[in-house]
Amino acid sequence: MESIRSRAIWEQLFLFLLLDTIVISTIQTATTMPNLILSTLAAITLTILLLATFPISGGHINPIITFAAFLTGLISLSKAFIYILAQCVGAVFGALALKAVVNSEIQQTFSLGGCTLTVVTPGPHGPIVTGLETSQALWLEIICGFVLLFASVGMAFDHRQAKGIGQVSVFIIVGIVLGLLVFVSTTVTATKGYAGAGLNPARCLGPAIVRGGHLWNGHWVFWVGPAIACMAFAVYTMIIPRHHAHTIE
């Protein structure tokens, strides 16, 4: 159990650092289509990380994946708890590491890559709050979370899929789906202050603990939304049992 916990911590730390530095560097370079470039880089990064971590931890680099795996009977409760705890600890360490290497201006501008619903800016008649409504953000988390699970748990943890199209192809597809979800959630809303669907509660928790402040505003959305998505996916798997599914020969 100790080795499982330590591996999950390091995996989440690397995931946090890579994704958040991609976000910061993409926006800082003032590219014409930052969302597209960000999504593409995120897809490539996640694919590489999944390929690297699958032989070690089974690709559990996200509490959503772990919780859904528990609900669908793929892992035990004790293992799920250890993974999720380690993922949260790793995200905190990742936020601390990012804070140590970036200047205060970047920390202030990007909130250490934290998940936000709104941003507060000064106005002529007082502070102005800009962002996405809580209900909208919650629905985005639920929908994007379910799509993520459909592509990841539904493919990466299904040995028939790996046998039929190859494990590398499976992870490439999962990475592409994740990239598309990042692109959709950050583009379709086009709202300043909303950082897009979190799709990883641990990654949202790390900066909230390290930096605090407005990052706690609506933070529950990034946990409740994915949890609902996990339960919906578990119900979906029960409605369509495995033995009724098409089997690739």
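Helices here are DSSP runs of H or I with at least four residues, strands are DSSP runs of E with at least two, and both are numbered from the N terminus. The model is a predicted one, so local features need pLDDT of at least 70 and side-chain atom pairs count only at pLDDT 80 or more, while totals for chains, interfaces and linings use all residues. Residues are numbered from 1 along each chain as its sequence is written, and side-chain values use heavy atoms, with hydrogens and water left out.

**The whole chain**

- You'll find 10 helices and two strands in the chain.
- Reading along the sequence, the order is α-α-α-α-α-β-β-α-α-α-α-α.
- Of the 249 residues in the chain, 47% are buried; that word means under 20% relative accessible area, with exposed being over 50% and partly exposed in between (1.4 Å probe, protein chains only).
- The chain exposes about 12200 Å², and carbon and sulfur atoms supply 70% of it; these areas come from the Shrake-Rupley method with a 1.4 Å probe, and for residues only the protein chains shown count as cover.
- Take the contacts (heavy atoms within 4.5 Å) in the chain with a separation of 6 or more: residues 24 or more positions apart account for 74% of them.

**Nonpolar cores**

- A nonpolar core is a set of buried Ala, Val, Leu, Ile, Met, Phe, Trp, Tyr and Cys residues joined through side-chain atoms within 4.5 Å.
- The largest one has 38 residues, and Leu 149 and Tyr 194 touch the most other members.
- Two or more residues of this core come from each of α1 (2-28), α2 (34-57), α3 (63-71), α6 (134-156), α8 and α10 (221-239).
- Helix α6 is the top contributor to this core, with nine residues.
- There is also a second, separate core of 10 residues, with Val 92, Leu 98, Val 102 and Phe 110 among them.

- Leu 51, Val 168, Ile 172, Ile 176 and Leu 180 make a nonpolar patch on the surface, with about 420 Å² of accessible area together.
- Patches are built from residues with over 30% relative accessible area and no salt bridge, joining like charges within 9 Å and nonpolar side chains (Val, Leu, Ile, Met, Phe, Trp, Tyr) within 5 Å; a salt bridge is a side-chain nitrogen of Lys or Arg within 4 Å of a carboxyl oxygen of Asp or Glu.
- Helix α8 (residues 167-187) provides the largest share of that patch, four residues.
- Val 168 is in α8, and its relative accessible area of 48% makes it partly exposed.
- Leaving out residues up to four places away in sequence, Ser 185 touches Cys 144, Tyr 194, Gly 196 and Ala 197.
- Its side chain also makes polar contacts (pairs of N or O atoms within 3.5 Å; within protein, one must be able to donate a hydrogen and the other to accept it, and residues adjacent in sequence count only if both atoms are side-chain atoms).
- One of these runs from the Ser 185 side chain to the backbone oxygen of Val 182, at 3.2 Å, and a polar atom of the Ser 185 side chain lies 3.2 Å from the backbone nitrogen of Ala 197.
- Over in helix α2 sits Thr 47, buried at 10% relative accessibility; neighbours within four places aside, Thr 47 is in contact with Phe 171, Ile 172 and Gly 175.

**From the loop into α9**

- Most residues other than glycine have a negative phi.
- Leu 199 has a positive phi, near 60°, and is found in the loop between α8 and α9.
- Leu 199 is buried, with a relative accessible area of 8%.
- Asn 200 caps the N-terminal end of α9, with a side-chain oxygen 3.1 Å from the backbone nitrogen of Ala 202.
- Helix α9 (residues 201-211) is mostly covered, with nine of its 11 residues buried, including Arg 203 and Cys 204.

**Helix α3**

- At the start of α3, a side-chain oxygen of Asn 62 comes to within 2.9 Å of the backbone nitrogen of Ile 64.
- The buried residues of α3 are Pro 63, Ile 64, Ile 65, Thr 66, Ala 68 and Ala 69.
- After α3 comes Gly 73, with a positive phi near 80°.
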